[in-house]
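Grab a pencil and open the viewer. Below are a few exercises, each with a worked solution.

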Amino acid sequence: MFSLTCKTSSSSGPVKIAAFDIDGTIITTRSGRVHPQNHLDWKLIQSYNIPSKLQELHLQGYHIVFITNQGGLEKRSAQIPEYQNKITQVIQSIGVPCIHVYVAISSGYYRKPMTGLWDTFLQHHHISIESISSKRSAL
């Protein structure tokens, strides 16, 4: 498991979180294949107008979180820096200054649908389950 995260200001009142998977939700492959050929084989999914929607959520005070399984990186750990670069490029193309990214690279507690990545995000940002606005959050 690894994360790319940023510092956010604490807010009073309920915490709002918008969490998304990356592959097939935020990005797809340029090549049209199911799995990317390399770290450059990606594009934002155009039909969802992702940058403006995520920018709007950010302005409304949401924590934007990407949670993804990338099991292939467990055996190809040398490619982790390339994947981190890819995610950095995705975030830059979206234009939101702070997106938290949590990546499971092996099976077990951190791999979705288990809650390890989610639990780690909450711990990193000192967020209690009770402080989350379930009416204003989306997973």
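The exercises look at aromatic pairs, a helix, a strand residue, a surface patch and some backbone angles.

Before you start: this is a predicted model, where local features need pLDDT of at least 70, side-chain atom pairs count only at pLDDT 80 or more, and totals for chains, interfaces and linings use all residues. Residues are numbered from 1 along each chain as its sequence is written, and side-chain values use heavy atoms, with hydrogens and water left out.

**Exercise 1. Find how the rings of Y102 and F121 are arranged, and say which parts they tie together.**

Step 1: Know the rule. Rings of Phe, Tyr and Trp (its six-membered ring) pair if their centres lie within 6.5 Å; planes under 30 degrees apart count as stacked, over 60 as edge-to-face and the rest as tilted.

Step 2: Search the whole structure, and you get 5 aromatic pairs. In one of them, the ring centres of Y102 and F121 are 5.9 Å apart with planes at 75°, so this pair is edge-to-face.

Step 3: Place the residues. Y102 sits in strand β6 and F121 in helix α4, so the pair ties together parts 19 residues apart in sequence. (Helices, H or I with at least four residues, and strands, E with at least two, are DSSP runs numbered from the N terminus.)

Step 4: Check the cover. Buried means under 20% relative accessible area, exposed over 50%, and partly exposed in between (1.4 Å probe, protein chains only). Y102 is buried at 0%, and F121 is buried at 0% too.

Step 5: Widen the view: Y102, W118 and F121 form one aromatic cluster.

**Exercise 2. Which residues of α4 are buried, and what covers them?**

Step 1: List the buried ones: G116, L117, W118, T120, F121 and L122.

Step 2: Look at the cover, which includes β2 (17-20), β5 and β6.

**Exercise 3. Is T68 buried or exposed, and what does it touch?**

Step 1: Locate T68 in strand β5 (residues 63-69).

Step 2: Read the accessibility: T68 has 0% relative accessible area, so it counts as buried.

Step 3: Look for contacts (heavy atoms within 4.5 Å). Leaving aside neighbours within four places in sequence, the partners of T68 include Y102 and L117.

Step 4: Spot the polar contact of 2.8 Å between the side chains of T68 and Q70. (That term means a pair of N or O atoms within 3.5 Å; within protein, one must be able to donate a hydrogen and the other to accept it, and residues adjacent in sequence count only if both atoms are side-chain atoms.)

**Exercise 4. Where are N49 and H126, and what are their phi values?**

Step 1: Remember that most residues other than glycine have a negative phi.

Step 2: Take N49, in the loop between β4 (43-44) and α1 (50-59). Its phi is positive, about 55°, although N49 is not a glycine. With 44% relative accessible area, N49 is partly exposed.

Step 3: Take H126, in the segment after α4. Phi of H126 is positive as well, near 50°. At 76% relative accessible area, H126 is exposed.
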